[in-house]
Structure formats: C-alpha cells, structure tokens
Amino acid sequence: MNKLKTLALSLILMFSVNQLFAHALFIKTAANGKKGTAQEVKIFYGEPGESQPEKLGDWWSDTKEFSLWLINPQGEKEQLKVTPKEDHFVASFTPAADGVYTLSISHTVKQLAGKKQYQFNAAALVSVGKANVGNTALASKADLGVFVDALASLKTGKAIALSSHFKAQPAADVEVSVFAPKGWTKQLKTGADGKTTFTPEWPGTYLLEAGHHEKVAGQAFESIERVATLNIAVN
C-alpha cells in the first residue's frame with residue numbers, strides 16, 4: 001500500500017513540474033504608440049495556448065514579484081510601477097520621442113521545481129513613428145530573448161523572420177512555439193544563426209515562446225530552464 005502511495009505521489013509531482021514548465025509570463029500592449037499619449041501595458045502568467053490567464057492568487061511561488069522595465073530608443077532604462085488586477089498586472093508609460101521602446105521582464109523564480117530553477121523572460125516592442133532607433137534584439141539585455149523586427153510589415157501569408165539570443169549571442173537549436181489567435185500552434189527550431197521563420201494564416205495577436213535548457217554544476221539545482229515570450233500583431 002505504501003508503495004502505491006509513493007508511486008501516486010511521484011506521478012502527481014511529475015505532472016505538477018510539467019505544468020510549471022508550460023507556464024510563462026507574457027506582456028500585452030499595442031504594437032504602435034503615439035508620442036505624448038499614455039500606452040497601457042498588461043502582464044499575464046499562465047499557459048500561453050489557453051485563453052484564460054491564471055488569477056494572481058494562483059501564480060507560482062514569487063512570480064508576482066517580477067520587475068517591469070522600459071528601455072527607451074536611446075537605451076535608457078526605467079522601472080515601471082505595476083498595479084495588480086484580478087488576473088494580471090497593469091502599467092503605463094508615455095513615449096516622449098519617436099523610435100522603438102522595449103518592455104522587458106527577467107525574473108528568476110526563488111522556488112525550485114525538483115532539481116530545476118526557472119527563469120521567466122518576457123518582452124514587448126512598441127514602435128512610435130517610423131524611426132528605427134532602439135529596434136534591436138538586445139535592448140532588454142535578458143539572458144534569453146526572442147525578437148521580431150518592430151518595423152517589419154507583418155501580414156498573413158507572408159513569412160515572418162524571428163531570432164533568438166542567449167547571453168547576447170545568436171542562439172542555435174532553440175525551440176520556439178508559435179501560438180496563433182485561432183488556437184493553432186506550431187513548433188520551430190532556430191538555425192545556426194539563431195533565426196527561423198513562420199507564415200501566419202490569420203490576423204491577430206501571436207505569442208512566441210522560446211525555451212532554453214542549461215545544465216549547471218555546484219548548485220542546489222541541476223539545470224536552469226529559461227523561457228522567453230514576445231507578442232506580435234499580424235494584420
């Protein structure tokens with residue numbers, strides 16, 4: 001009987017860890033902003049492919065203690081105040097100049113999941129005017145990131161180029177999941193140059209999620225599991 005209880009507990013723990021791995025932080029905001037006009041930003045946590053984000057009371061461990069940063073086109077960094085709602089946090093900023101603004105989160109979760117430590121990275125790009133300044137994959141300086149040119153014309157039926165970087169270098173063989181607004185999901189893998197493409201079939205908001213596994217030694221955990229997300233709007 002004890003063996004059966006142990007087996008059942010092991011299966012429950014295994015299922016819980018897998019559920020955690022599927023979760024992510026993600027940032028939602030309009031892809032285009034206007035100089036002098038407040039831009040609303042929302043931060044969610046949950047399974048990217050599901051329509052209902054988790055309520056704040058269900059967020060894992062200290063995930064709610066993330067910091068939201070704004071990097072302006074000149075590369076200046078400012079922490080934004082976030083306000084809790086029922087199932088997300090909200091923030092805002094007002095662009096003062098033309099260019100690309102990067103919103104960024106990089107949060108290492110305090111609690112371990114078995115022998116794994118999780119780091120949630122999330123980004124969003126806001127283009128103001130037509131200036132290309134600030135339009136770079138490395139603006140956030142997060143360990144892991146996924147990037148799409150903020151000034152690219154994103155349309156259905158047209159291939160979208162994306163890239164992933166790890167510690168400021170192009171990241172090869174990174175698995176990227178593409179979640180479409182109609183529930184369609186596609187799995188990609190970056191090439192040696194850290195790049196890959198996909199072709200969207202429907203207009204709307206797409207969520208890109210990259211995952212990276214790093215083995216470590218001499219720590220209380222055996223690996224760091226990094227997740228990075230980016231929302232893009234397809235016309």
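Strand S16 (204-215) supplies three residues to the lining of the second largest pocket, the biggest contribution from any element. Strands here are DSSP runs of E with at least two residues, numbered from the N terminus. A pocket is an open set of points on a 1 Å grid over the protein atoms alone, where a 1.4 Å probe fits, with protein on both sides within 12 Å along at least five of seven lines; its lining residues have an atom within 4 Å of a point. This is a predicted model, in which local features need pLDDT of at least 70 and side-chain atom pairs count only at pLDDT 80 or more, while totals for chains, interfaces and linings use all residues. Residues are numbered from 1 along each chain as its sequence is written, and side-chain values use heavy atoms, with hydrogens and water left out.

The second largest pocket has a volume of about 330 Å³, a volume being the space filled by probe spheres set on grid points that are joined across faces, edges and corners. It is lined by 19 residues, and Lys28, Pro48, Glu50, Ser51 and Leu207 sit closest to its centre. Besides S16, strand S1 also gives two or more residues to this lining. Sorted by class, the lining splits into nine nonpolar, seven polar and three charged residues. For this sorting, Ala, Val, Leu, Ile, Met, Phe, Trp, Tyr, Cys and Pro count as nonpolar, Asp, Glu, Lys and Arg as charged, and the others, Gly among them, as polar.

On to the largest pocket, which holds about 420 Å³ of space. Its lining takes in 22 residues, with Ala31, Leu125, Leu154, Ile232 and Ala233 nearest the centre. Strands S1 (24-28), S9 (116-128) and S17 (223-234) each give two or more residues to that lining. S17 has the largest share, at four residues. As for class, 13 of the lining residues are nonpolar, seven are polar and two are charged.

Next come the charged pairs. The whole structure has four salt bridges, each a side-chain nitrogen of Lys or Arg within 4 Å of a carboxyl oxygen of Asp or Glu. In one of them, lysine 55 pairs with glutamate 86, and the closest N and O atoms are 3.3 Å apart. These two partners come from distant parts of the chain, 31 residues apart: lysine 55 is in the loop between strands S3 (39-46) and S4 (68-71), and glutamate 86 is in the loop between strands S6 (83-84) and S7 (89-93). Lysine 55 is partly exposed, at 46% relative accessible area, while glutamate 86 is exposed, at 55%. The cut-offs are under 20% relative accessible area for buried, over 50% for exposed and in between for partly exposed (1.4 Å probe, protein chains only).

Glutamate 214 turns up in two salt bridges. With lysine 167, its closest N and O atoms are 3.6 Å apart. That pair bridges 47 residues of chain, from glutamate 214 in S16 to lysine 167 in the loop between strands S11 (160-166) and S12 (169-170). With arginine 226, the closest N and O atoms are 2.7 Å apart. Here S16 is linked to S17, with the two partners 12 residues apart. Lysine 167 is partly exposed at 45% relative accessibility, whereas arginine 226 is buried at 4%. Shared partners join Asp143, Lys167, Glu214 and Arg226 into one salt-bridge network.

Phenylalanine 26 and phenylalanine 44 have ring centres 6.0 Å apart and planes at 20°, so they are stacked. Tryptophan 59 and phenylalanine 89 are edge-to-face, because their planes are at 65°, with centres 5.5 Å apart. Tryptophan 59 is buried at 4% relative accessibility, and phenylalanine 89 is buried too, at 7%. Ring pairs gather Tyr45, Trp59, Trp60, Phe66, Phe89, Tyr118 and Phe120 into a cluster.

Some charges also sit over rings (NZ of Lys or CZ of Arg within 6 Å of the ring centre and within 35 degrees of the ring normal). Lysine 28 lies over the face of phenylalanine 44, 5.2 Å from the ring centre. The charged end of lysine 77 is over the ring of tryptophan 69, 4.6 Å from its centre.

How values were computed
Phe/Tyr/Trp six-rings, centres within 6.5 Å; stacked < 30°, edge-to-face > 60°.
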